[in-house]
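Here are my notes for a colleague who is opening this entry without having seen it before. Please keep the sequence and the model side by side while reading the numbered points.

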Amino acid sequence: MRSTRPFFALTAGLIAAMSAMSACTTATDPTPIATIQLEPGIDSIEPGQSFGDWVVTLRDANGNTLAGRSLAWESQNLAVATIDAATGVVTAVASGTTTITVRAEGKSAQATLKVIPPVVSIIATPDSFDLPMTTTRTIAVQLVGPNGTALSNRQLAWSSANASVAAVSTSGLVTPVAVGLTTVTVIAGGKSAEIRVRVVAEPAASVRILPAGVQVIRLGQLKQLTAECLNATQQVLTGRTIEWNSSNPLVASVGTTGLVSGVSLGQANISATCDGTVTTNATAQVTPVPVSTVTISPPQINLQVGQQGQLTATARDSANNVLSLQGRTVTWTSDNLPVATVSNAGVVAAASAGVAHIQVSIDGILSQVVDATVTNVPVASVTIGPLNPAVVCGNQIQLTAVMRDANGNTLNGRAVTWVSQTQGVATIGAATGVATGVAAGTSQITATSEGVPGFIVLTVNPPQVGVCP
């Protein structure tokens, strides 16, 4: 209930005694009190109990500790606890909370005091149980107060009569040590409860093979497996006998310690039996020889936008033998997807002009990098519109050019250069295709894209009134 305080801390009673002594000496002008600090020293007390070991610290404006001053005490709620105004001794009356105030020379400090109901009895759940080895169990405790009310936030003390059979923690967690019988005791508020604990052995309920999952073993290589015997709650049982077997020793054999050997390609079930009663199985997958090198052919590929091309990956072992790709992890990658993508089958699809670097990984072994160069589809023809264009002298007309490939498909995004053959009749913006009539007559307009020209004749007509400038 009480906390330990340093030897030099002043309690309320000591300060009161020093104050009485000072009355017998010559009066001096004391240093004014700047602050008062009050520490309760306890968390709570029960009705009928008394407490007076308050820790009061008086300091001046410089933080120096002061002594020999008179203290006055009061309780805010006398129905919960009373207090001697001179000595600070508090007496708990009934459950509840009150504020204790100490005053000295116009300064004050406060602390909260809780009066809690006493413990009448302790109910432990369960009050008797069997505890299998390698398992633990927490004992639940309910503290009962006056009139059967449930109490909480009380300090519990736990102990085991035979710690060599079972130990108990400060939270009531019981841990078995050896087969046998012991009594666990819990104490709170002067009351106690006893719980009988019998530690028993338990049979295996299942077996676990580690590592878990399908066991991939390279042909001619070894892999060590381990097995654990488990109880019904999946706790590991020690000191048990494990027996190993293989359903197909011609594919994968297993020794008495769980060491598996890859004999030939295929699958076999590896079983582990605990104490001759429970068995579990794991699949052993014997896989081909590891890949040593990977190459791509052809070593480069040239495509036009919209075309596709096939790349082929070849895997070889350390002896340079070609390996089958069946059952292997094959991953194709392109570092420039806007230019070219590559499928899981090595098919490259050209998307836009540029260069993409293609690479393949087989079982984690990378190939060389292959350049996929993508070019635009060539312009095969240029058509200028509108048909039979004409413009009045001094006016302008917008000409357009349509580029097509050899199959007649329209090509977009291609650069065009415009030229007027007869500048004295019509001029044209080299990049815009806007033609301006200069004088009555005709001029051949040429639109060139990627070296392919298109032609049209532009007619410049005189104005209806007047003549050309």
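1. Asn-409 sits in the loop between strand S45 (400-404) and strand S46 (410-411), where helices (H or I, at least four residues) and strands (E, at least two) are DSSP runs numbered from the N terminus. Asn-409 is partly exposed, with a relative accessible area of 42%; buried means under 20% relative accessible area, exposed over 50%, and partly exposed in between (1.4 Å probe, protein chains only).

2. This is a predicted model, in which local features need pLDDT of at least 70 and side-chain atom pairs count only at pLDDT 80 or more, while totals for chains, interfaces and linings use all residues. Residues are numbered from 1 along each chain as its sequence is written, and side-chain values use heavy atoms, with hydrogens and water left out.

3. Once the neighbours within four places in sequence are set aside, Asn-409 is in contact with Met-403 and Arg-404, contact meaning heavy atoms within 4.5 Å. Between the C-alpha atoms of Asn-409 and Thr-138, which are 271 residues apart along the chain, the separation is 80 Å.

4. A disulfide is a covalent bond between the sulfur atoms of two cysteines. Taking as the rule a pair of cysteine sulfur atoms within 2.5 Å, the count comes to one disulfide, and this disulfide joins Cys-229 to Cys-274 with an S to S distance of 2.0 Å. The pair links distant parts of the chain, since Cys-229 belongs to strand S24 (residues 226-230) and Cys-274 to strand S29 (residues 266-274), 45 residues apart. The torsion about the S-S bond of Cys-229 and Cys-274 is about 115°, so the disulfide is right-handed.

5. On the accessibility of the cysteines, Cys-229 counts as buried at 2% relative accessibility, and Cys-274 counts as buried at 0%. Cys-393 is also buried, with a relative accessible area of 8%, as is Cys-468, at 17% relative accessibility.

6. A further point concerns a sheet. Strands of a sheet pair through backbone hydrogen bonds, either parallel or antiparallel. Here three strands form an open sheet in the order S11-S14-S15, with antiparallel pairing, two strands being paired if DSSP finds at least two bridges between them. Its edge strands are strand S11 (121-125) and strand S15 (150-151), each of which pairs on one side only. Strand S14 (residues 140-144) and S15 run antiparallel and are joined by two bridges; Val-144 has Ala-150 as its bridge partner in S15.
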